[in-house]
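Thanks for coming. I will take one chain today and go through a few parts of it. Please have the sequence and the model open.

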Amino acid sequence: MPPSSDLPPPPTSSLGVQLQSAAALASETSVRRRIAEGDAWPSSAGAASQDASSLATRDAPARRAATTSEEVQEERARRLQAQLGLLPREGQSKVRDEAAEAFAVIFEGFLTRAEDGRYMRALGALRSDEPGTVEVDFAHVMAHDERAAAALVENYVRLDAYMARAARRARAKAGGGGAAVAVAVFGLPAPQRIRALRAARIGQLAGVGGTVTRTSEVRPELASGVFACGECGAESAPVAQQFRYTEPAVCDNPLCQNRAAWTLVVARSRFADWQRVRVQEDAGDIPAGSMPRTLDVIVRGDMVERVKPGDRARFTGALVAVPDADPRACDRLAHRLAFVACHAEPAAAADSARPTRAEREELAALAAGGARTYAQLAASVAPTVFGHDDVKRGLLLQLLGGVHKRTREGMRLRGDINVCVVGDPGTAKSQLLKFVAALVPRGVFTSGKASSAAGLTASVVRDDETGDFTIEAGALMLADHGVCCIDEFDKMDVADQVAIHEAMEQQTITIAKAGIHATLNARCAVLAAANPVAGRYDRRLTLRQNVAMSAPIMSRFDLFFVVLDAASDAADFNTARHIVAVHQRRAAAAAAPFAPAALRRFVRFARAIQPALREDAARLLWCAYRDLRQDDAGAARNAYRITVRQLESLIRLSEALARAHCVDVITPAHVREAVRLLRRSIVHVEMDDVDIAADEDNEPLPADSQLAPEPLPQPTSIRRDHFERIRAMLALRLHAVSRADAADDADPESVRRDDLVDWYLSQREDALADEADLARESHAAKMVLKYMASVEGCVIAIRDHHESPAADAATEPEHPRGPLLMLHPNFSLAS
């Protein structure tokens, strides 16, 4: 800066006098000069105590009111010299950060000369009249200059403003205008755990990951403020705001000494979006016996609304210390950590990057596999669990899901598949749930006994800082677009089960409390595990009697699987061998066709397929639903009711099967497999023993019969599996007789009841041990025929040809071999 003597002469004598006075005052080192300028000039170490007292004096309102005329003249002279360039202006940097400026030059060169010009294209694509954000991969910075990358990590807060200036200059070169640019760095190689963040990392660039539990509403934040003087009305230069509300130190008008009265000029100030995100550390990062820790993350600008509650997200930014709002903390000493993120991204989006060539080839091979791929994918679900093939198929279909649809009226049709696994203790139900929760990107695992209705859906809580009521997401909201695994589902209270009715079918959660009325999304599949009421599953009881669930909850599950711990020599030996091998060789013993990462990639690929229903498959769906309804109408008491929800379940299962086979058309084979799984999960388990009333046609066997040396008790019921076996064999025999007659172009012949029973006994001869078993089986076959004729109506009893139609049926003697029987023409063997 040139001395005042080298300046040209002033235009007026009065100005020359003021300049001379200013030059004289500039050479003085009085305390009043340092008081007027504050900390604009560096102080010596010996005057530290005087500077502290001067700052305290400056901050006192009474002292500002008592400013002497000498100080006023001194300040006017200093302001005048500032206008002429003799002194640095207030608010400008008095010390140049040469290292930061050198980094800005390197960073600008990195943006302009990056590989394939990606960053210049991104800067040029920004709107010229609005601030924007450019996302920079840290790996690219490391490849460009390792020393600059290391300096960026160690001094991020110091270099952030210089990076923004370099990006702004690069944006001007790219033709994107001269508006401000924020730099969002991402892709740090070693993300930190929330528990590992300490005060030593304050100000450094760091990455952190966790589960988002709460997000605030997006609010405007003052980024750069223009203030109007309360005394003279002059407007100040833009004042940058960082972590606190900052006003100008003194008015820019040389004739004004205002330091306290300021009014924010909203029209000329710059605001930016701001949002607070609460992140909780992942379950795998929590040490044993510790509570999960949370961290408040501040996102700004284009990073707001990028993550939602339930997302496993990754953040890149700097750790800062903010004053603790707790009134119990020591005044101005206690601080808490917060994280100011420059980049935010859900973990699912980061994992869904473009697949490599090897991964694309693997997906193409899977798509061409067909039925073999379906079996291998099912075997890859929980490979450490032995057996349970149908259960694993159901879990695979749940991961793939059906197609979400929306009607013309705006009604949303559920595409997610809900599955419930019921079984004896020790059948690996919890392991299945744990595997699914770890596999999907948004999997949440919880226990029904330890969860309340608010914990499963959502709760209204009061914010500690603002005092406003906010909504905190529950398990079903956190699992949006994922799977919510609920263990011990039968231990939930009835009131808590009622709370998830809406979430399981409509996939929404409605809240009306504390002045908040909102409808929240819970678009997730539910995987539940339950234990029988009596500890072990009683096959003599229905599923509803075995499990403590209400009928509305049961109807909302698409698949029910019952896992029984039945004793079997071969099954027990194979199970024991598998468990011992897992403990002995660990991962090598549980080798699956596909690794979890490959299974996850296939699920992401298959969910993009939108299969359509073919006409022949649609007709098969109609028939299958009709047969299920007919079986339900003739079922025993307390049986599971087949409703329209089961028809929608068949459609969703068929769509998931089409996705598993990587085809975009639903075929009848997919429908038949869906019907098989539905019958396996509902009908087979739900049916109770068949009760057949005794009448004159079912007389007890005589005591002196040669076939029954001892009197047998009159049977009143038959086990369901036994009934189904006898019914199927008799129906097949009658169907074969009718088809043989149709081939000979003859009238349909009928079969005498005793002849049909004798044929059945001949087929079951190897399973009958003695004459008593023969008598019981013969009587059971006659009871089943009676039930099929009188209750189901699928068997028709025909009069003999010589009988008169007008004859009294009660007086006509019955044929010694029983009445003639034939199968009803409309009976379907598939039922």
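This is a predicted model: local features need pLDDT of at least 70, side-chain atom pairs count only at pLDDT 80 or more; totals for chains, interfaces and linings use all residues.

In which strand does arginine 214 lie? Arginine 214 is in strand β3, where helices (H or I, at least four residues) and strands (E, at least two) are DSSP runs numbered from the N terminus. Before going on, the sources: residues are numbered from 1 along each chain as its sequence is written.

Arginine 214 has a relative accessibility of 11% and counts as buried; buried means under 20% relative accessible area, exposed over 50%, and partly exposed in between, with a 1.4 Å probe and protein chains only. Neighbours within four places in sequence aside, arginine 214 is in contact with Arg276, Val277, Arg278, Val461, Asp463, Thr470, Ile471 and Glu472, contact meaning heavy atoms within 4.5 Å. Threonine 211 also belongs to β3, which covers residues 205–215. Threonine 211 is buried too, at 19%. Its contacts, not counting residues up to four places away in sequence, include Arg278, Val279, Asp282 and Arg312.

Next, strand β9, residues 294–300. Five of its seven residues are buried, so β9 is largely enclosed by the rest of the structure. Strand β8 (residues 270–280) pairs with β9 in the antiparallel sense over seven bridges; two strands pair if DSSP finds at least two bridges between them. Within that pairing, valine 279 has leucine 295 as its bridge partner. With strand β11 (residues 335–346), β9 pairs in the parallel sense over three bridges, and there valine 299 stands opposite alanine 341.

Now a sheet further along. Five strands make up an open, parallel sheet, in the order β15-β18-β21-β14-β22. The edges are β15 (443–447) and β22 (559–563); each has a single partner strand, so one side of each is left without a neighbour in the sheet. On average, neighbouring strands here are turned by 15° against each other, direction ignored. For angles in general, axes are lines fitted to C-alpha atoms, for helices over the stretch in contact, and angles run from 0 to 180 degrees between N-to-C directions. Strands β14 (residues 419–423) and β21 (residues 525–530) run parallel and are joined by four bridges. Valine 421 is opposite alanine 529 in β21. Helix α14 (residues 389–400) packs on the sheet and touches β14, β18, β21 and β22; its direction makes about 150° with that of β22.

How do α9 (residues 146–154) and α10 (residues 156–173) pack? Their angle is about 115°, and their axes are 6 Å apart. Ala151, Leu152, Val153 and Glu154 in α9 meet Tyr156, Leu159 and Met163 in α10.

Cysteines next. A search of the whole structure finds zero disulfides, a disulfide being a pair of cysteine sulfur atoms within 2.5 Å. Cysteine 342 is buried at 13% relative accessible area, and cysteine 662 counts as buried at 17%.

Last, the totals. The chain has 29 helices and 29 strands. Of its 831 residues, 42% count as buried. Among contacts with a separation of 6 or more, 72% are between residues 24 or more positions apart.

Terms used
Side-chain values use heavy atoms; hydrogens and water are left out.
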